[in-house]
Amino acid sequence: KIVPFVELTVAHASVLTILAISFERYYAICEPLKASYVCTKARALLICLLAWLFAALFTRAACKYISLCR
C-alpha cells in the first residue's frame with residue numbers, strides 16, 4: 001500500500017524538480033545580472049520542499065481516485 005504511493009511521489013517530485021531547474025537555468029541565461037539576486041539557496045530549498053509537498057499531494061489525490069494504492 002505504501003510502496004506505490006512512494007514510487008509515484010518520487011516520480012512526481014523528480015519531474016517537478018527538473019522543471020524547477022529548467023526554469024532557473026532559463027532565468028539565469030535570459031537575465032544573468034538579476035539571477036544572482038533572485039536565484040538564492042534559500043529559494044532553491046523552498047522550491048525543492050514545495051515540489052515534494054505538491055508531489056505528495058498530487059499522488060495522494062491520484063491514489064484516492066484510482067485504485068493504484070489499495
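Guide: Let's start with one residue. Phe54 has 40% relative accessibility, so it counts as partly exposed. Keep in mind that this is a predicted model.

Visitor: Where is Phe54 found?
Guide: Phe54 sits in helix 3, which covers residues 41-65.

Visitor: How many aromatic pairs does a search of the whole structure find?
Guide: The search turns up 1 aromatic pair. Phe54 and Phe58 form this pair, and it is stacked. Their ring centres are 6.1 Å apart, with 15° between the planes.

Visitor: What separates Phe54 and Phe58 along helix 3?
Guide: About one helical turn, because they are 4 residues apart in helix 3.

Visitor: Which residues form a nonpolar patch on the surface?
Guide: Leu46, Leu50, Leu53, Phe54, Leu57 and Phe58. Together they have about 560 Å² of accessible area. So both rings of the stacked pair belong to that patch.

Visitor: New topic. Thr59: buried or exposed?
Guide: Thr59 is buried, because its relative accessibility is 0%. Thr59 also lies in helix 3.

Visitor: What is Thr59 in contact with, leaving aside its neighbours within four places in sequence?
Guide: Thr59 is in contact with Phe5, Leu8, Thr9 and His12.

Visitor: Let's zoom out. How many helices and strands are in the protein chain?
Guide: The protein chain has 3 helices and 0 strands. Read along the sequence, the pattern is α-α-α.

Visitor: Is the chain spread out or a compact globule, going by its radius of gyration?
Guide: The chain is more spread out than a compact globule, because its radius of gyration is 15 Å. The globule rule gives 11 Å for 70 residues, and the chain's value is well over that.

Visitor: What box do the C-alpha atoms fill?
Guide: Roughly 50 × 20 × 15 Å, taken along the principal axes.

Visitor: How much of the chain do buried residues make up?
Guide: Buried residues make up 13% of the 70 residues. Thr59 is one of the buried residues.

Visitor: What about the area that the chain exposes?
Guide: The protein chain exposes about 5700 Å², and carbon and sulfur atoms supply 74% of that area.

Visitor: Last one. What share of the contacts with a separation of 6 or more comes from residues 24 or more positions apart?
Guide: Those residues account for 77% of such contacts in the protein chain.

Key. Residues numbered from 1 in each chain as written. Predicted model: local features only at pLDDT ≥ 70, side-chain atom pairs only at ≥ 80, totals over all residues. Heavy atoms only, no water. Patch = residues over 30% accessible without salt bridge, like charges linked within 9 Å, V, L, I, M, F, W, Y side chains within 5 Å. Areas by Shrake-Rupley, 256 points an atom, 1.4 Å probe, with all protein chains shown as cover. Salt bridge = Lys/Arg side-chain N within 4 Å of Asp/Glu carboxyl O. Helix = DSSP H or I, 4+ residues; strand = E, 2+ residues; numbered from the N terminus. Buried < 20%, exposed > 50% of the residue type's maximum accessible area, 1.4 Å probe, protein only. Contact = heavy atoms within 4.5 Å. Phe/Tyr/Trp six-rings, centres within 6.5 Å; stacked < 30°, edge-to-face > 60°. Rg over C-alpha atoms; globule rule 2.2 N^0.38 Å.
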